[in-house]
Amino acid sequence: MKKIMELLQNMKAKNEKKDNKGFSLVELIIVIAIMAILVGIVGTQVIPYINKSKEAKDEQILNSYSTAAVSAYSMLADQLTTESGTITVKVYTANGGGANADSDEAKLAGKIKELVGSGYSEAKSKMTSKTGKEATEIQIDINLTNHTVETQAIDTTLNHIKADI
């Protein structure tokens, strides 16, 4: 009996000498659960702001195309043959959507591309519609009668991504 008591005292002394410098499994699980809850709450609050910023970027790109279209029209007004109605320019289609390279649409498309630069063609490809398809074309309608410009980003299925800028 004496030996058992000595053994128990030795075990107790060894346990007291141990430094518990780590975290227990339960503590780690609790911390991970708290972090998961916080990420869930913060994530749902941040996602709408991310979507708003993407939409604002898309609108800024289309505004740049509209501004470039107005500038291109004013620069080339003396060279254009159309005097009334609407000129529809598809910026990234061959010849600007016109039948030949000398058409008003082709001249305007070339000037618009020159004014917006190559960075915007890359940005255009990142614009996505609600169907998830990328924009493949920027269409600009210049109404010479009402003096308005309407810019649209269009995807492969001709769905409008953004319009009426």
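Predicted model: local features only at pLDDT ≥ 70, side-chain atom pairs only at ≥ 80, totals over all residues.
Me: What makes Lys57 and Asp58 a salt bridge?
Reply: Their side chains meet at 3.4 Å, N to O. The cut-off is within 4 Å, between a Lys or Arg nitrogen and an Asp or Glu carboxyl oxygen. The pair therefore qualifies.

Me: Why is Asp58 called buried?
Reply: Its relative accessible area is 7%. Buried means under 20%, so the label holds.

Me: And why does Lys57 count as partly exposed?
Reply: Lys57 has 34% relative accessibility. Partly exposed lies between buried, under 20%, and exposed, over 50%. Hence the label for Lys57.

Me: How many salt bridges are there in the whole structure?
Reply: A search finds two. One of them is Lys57 with Asp58. Lys111 and Glu114 also meet in a salt bridge, at 3.3 Å, N to O.

Me: What separates Lys111 and Glu114 along helix α3?
Reply: They are three residues apart, so about one helical turn lies between them. In general, residues three or four places apart in an α-helix point the same way, because a turn takes 3.6 residues.

Me: Are Lys111 and Glu114 buried or exposed?
Reply: Lys111 is at 19%. The limit for buried is under 20%, so Lys111 counts as buried. Glu114 is at 55%. Other buried residues of α3 include Leu108, Ile112 and Val116.

Me: How do you know that the span of α3 agrees with its length?
Reply: Helix α3 covers residues 104-116, which is 13 residues. Gly117 follows the helix, with a positive phi near 80 degrees.

Me: What makes β2 and β3 a pair?
Reply: Pairing needs at least two bridges. Eight bridges join β2 (residues 135-143) to β3 (residues 148-155), and the strands run antiparallel. They therefore pair. Ile138 has Ala153 as its bridge partner in β3. The two strands form a hairpin with four residues between them. In the turn, His147 has a positive phi of about 60 degrees.

Me: Why can Val46 belong to a nonpolar surface patch?
Reply: Val46, in helix α2 (residues 25-76), is partly exposed at 37% relative accessible area. Patch residues need over 30%, so Val46 passes that test. The patch is formed by Ile37, Ile41, Val42, Val46 and Ile50, with about 420 Å² of accessible area together.

Terms used: Residues numbered from 1 in each chain as written. Heavy atoms only, no water. Expected span 1.5 Å × (residues − 1). Buried < 20%, exposed > 50% of the residue type's maximum accessible area, 1.4 Å probe, protein only. Patch = residues over 30% accessible without salt bridge, like charges linked within 9 Å, V, L, I, M, F, W, Y side chains within 5 Å. Areas by Shrake-Rupley, 256 points an atom, 1.4 Å probe, with all protein chains shown as cover.
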